[in-house]
Structure formats: C-alpha cells, structure tokens
Amino acid sequence: MARRSPSPSTATGAMTATPRERAKADRHEALLRAAAALFAENGFDGVSLEDLGAAVGITGPAVYRHFASKRALLGRILLRASEDLLTGGRAVIAAHDDADGRLRGLIAFHVDFALDAADVIRVQDRDLARLDDEDRHGVRRLQREYVEVWTDVLSDLHPHRSPGDLRVRAHAGFGLINSTPHSVRGLRDAPDDDAVRALLATMAHAALATAH
C-alpha cells in the first residue's frame with residue numbers, strides 16, 4: 001500500500017512519546033493491518049471482535065481502546081487508503097511536468113498500491129456499504145477527487161475526449177490494476193510481484209495512452 005509519510009508534528013510526537021504511548025500506537029497500526037486481512041478473507045460480518053483482538057495479542061473488548069466499534073475500524077481502513085491514494089496521486093503530478101510522465105507516474109503509483117494493499121481493495125469492493133454514512137461519504141468524496149487527478153492527466157493526452165469518456169477510461173485502468181494482484185496470487189506458478197508490476201504498468205499505459 002502507498003506508505004504514509006509522518007508529518008513533522010507526528011514525527012516530533014513519536015520522538016517524545018512514552019514507551020506505553022508508542023506501544024499503543026504500534027498496536028493501533030497492527031489492528032488496522034490485521035483487520036484488513038481478516039475482513040478480506042472472511043468478510044466484515046464474518047469477523048468478530050475476539051478474532052480482531054486475537055490477531056494482535058489482545059482480548060476482543062480491548063479493541064475498544066483503539067476504535068469505538070468494528071465499523072469505525074473498517075472506516076479507518078478505507079478512509080486512510082483513499083487519503084493515501086489522493087495524496088500520492090497529487091505528489092506524482094507535482095513531480096512531473098509532461099502529461100505522459102504524469103500518466104506513467106500515476107500508473108506506477110497505483111500498481112504499487114494494488115500490490116501492497118490487495119486486502120484493502122477486496123474489503124472496499126465487498127464491504128464499503130457497511131460503513132456509516134459519514135465515513136462512506138468521506139471515502140466517496142476522496143475517490144472522486146482521485147479520479148479527477150487521473151482525468152486531468154488524460155484530458156491533456158486526449159483533449160477531444162469528453163469528461164465522461166475520460167472517467168470511464170480512468171475507472172477501466174483501475175479495474176485492470178486493482179483486480180490483477182489478488183487473482184494472480186491464486187494461480188499455480190504465479191509470477192513474482194516485480195513481473196506483475198512491469199506487466200500491469202505496460203498494459204495500463206497502452207490502454208490509457210492510446211488515442212482510440
């Protein structure tokens with residue numbers, strides 16, 4: 001998954017935190033990772049608080065020290081993924097001056113996300129509707145903004161295409177990239193991640209950069 005870079009204030013807080021505070025922060029992160037894997041494997045309804053706690057070495061009720069509810073934990077997983085995508089996509093745009101360089105950068109960034117966060121993608125596809133209204137609207141808003149990052153680049157490459165056409169192209173690219181890592185890992189003699197990364201980048205660029 002796209003890695004979150006700590007802000008200066010967060011980094012300062014980490015340096016001044018007590019051992020107990022650091023342990024709690026580490027457990028918080030471990031819960032997010034474990035929950036994504038468990039939700040991906042069993043579905044939101046198939047995972048109990050006891051399952052979540054056991055995955056990180058605590059009791060089920062102790063999960064409430066970190067998250068108000070199982071639904072709040074799901075919301076944090078999906079909101080953070082959407083925040084990371086938008087922040088990372090904007091960073092790619094800032095790092096490149098030409099449209100094709102930006103497209104290649106966005107593709108590489110999203111392929112890395114899909115390979116690192118295959119569990120999160122499965123959870124979003126299946127359990128987005130289980131979020132409370134505020135979190136679901138937040139995820140949708142962030143996703144729309146991320147799509148616009150891509151369509152802005154595609155509009156520079158294909159200036160005669162309509163906004164609707166460009167959004168379809170962007171979503172088609174996401175579909176290609178997002179669905180492949182999980183499917184490939186279930187194959188016999190599956191290629192390694194580096195081979196999948198290179199293949200996905202080539203295919204996505206060919207599909208999105210072509211004028212037809």
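**Aromatic pairs and the helical core**

A search of the whole structure turns up four aromatic pairs, where rings of Phe, Tyr and Trp (its six-membered ring) pair if their centres lie within 6.5 Å, with planes under 30 degrees apart called stacked, over 60 edge-to-face and the rest tilted. One of them is Tyr146 with Phe174, a stacked pair with 5.6 Å centre to centre and 15° between the planes. This pair ties together distant parts of the chain, with Tyr146 in helix α7 (residues 133–157) and Phe174 in helix α8 (residues 163–185), 28 residues apart. Helices (H or I, at least four residues) and strands (E, at least two) are taken as DSSP runs, numbered from the N terminus.

A word on the ground rules: this is a predicted model, so local features need pLDDT of at least 70 and side-chain atom pairs count only at pLDDT 80 or more, while totals for chains, interfaces and linings use all residues. Residues are numbered from 1 along each chain as its sequence is written, and side-chain values use heavy atoms, leaving out hydrogens and water.

Burial here means under 20% relative accessible area, exposed means over 50%, and partly exposed is in between (1.4 Å probe, protein chains only). Tyr146 counts as buried because its relative accessibility is 4%, and Phe174 is buried with a relative accessible area of 8%. Phe174 also pairs with Trp150: the ring centres are 5.1 Å apart and the planes sit at 85°, so this pair is edge-to-face. Here too distant parts of the chain are linked, with Trp150 in helix α7 and Phe174 in helix α8, 24 residues apart. Trp150 is buried, as is Phe174. Put together, ring pairs join Tyr146, Trp150 and Phe174 into a cluster.

Setting aside its neighbours within four places in sequence, Trp150 is in contact (heavy atoms within 4.5 Å) with Leu103, Leu106, Ile107, His110, Ala170, Phe174 and Leu208. The buried residues of α7 include Leu142, Tyr146, Val149, Trp150 and Val153. An α-helix has 3.6 residues a turn, so residues three or four places apart point the same way.

Zooming out, the protein has nine helices and zero strands. Of its 212 residues, 42% count as buried. Among contacts between residues at least 6 apart in sequence, 72% join residues at least 24 apart.

Leu52, in helix α3, is buried with a relative accessible area of 0%. Neighbours within four places in sequence aside, Leu52 is in contact with Leu31, Ala35, Leu38, Phe39, Val47, Val63, Lys70 and Leu73. Several of these names lead back to α2, where Leu31, Ala35 and Phe39 are among the buried residues. What covers the buried residues of α2 includes α3, α4 and α6. Helix α2 has 24 residues and reaches 34 Å from its first C-alpha to its last, close to the 34 Å expected at 1.5 Å a residue. After α2 comes Gly43, whose phi is positive, near 85°.

The charged end of Lys70 sits over the ring of Phe44, 4.3 Å from its centre; the criterion is NZ of Lys or CZ of Arg within 6 Å of the ring centre and within 35 degrees of the ring normal. His66, in the loop between α3 and α4, counts as buried at 16% relative accessibility. Apart from neighbours within four places in sequence, His66 is in contact with Lys24, Arg27, His28 and Leu31.

Notes:
The expected span of a helix is 1.5 Å times one less than its number of residues.
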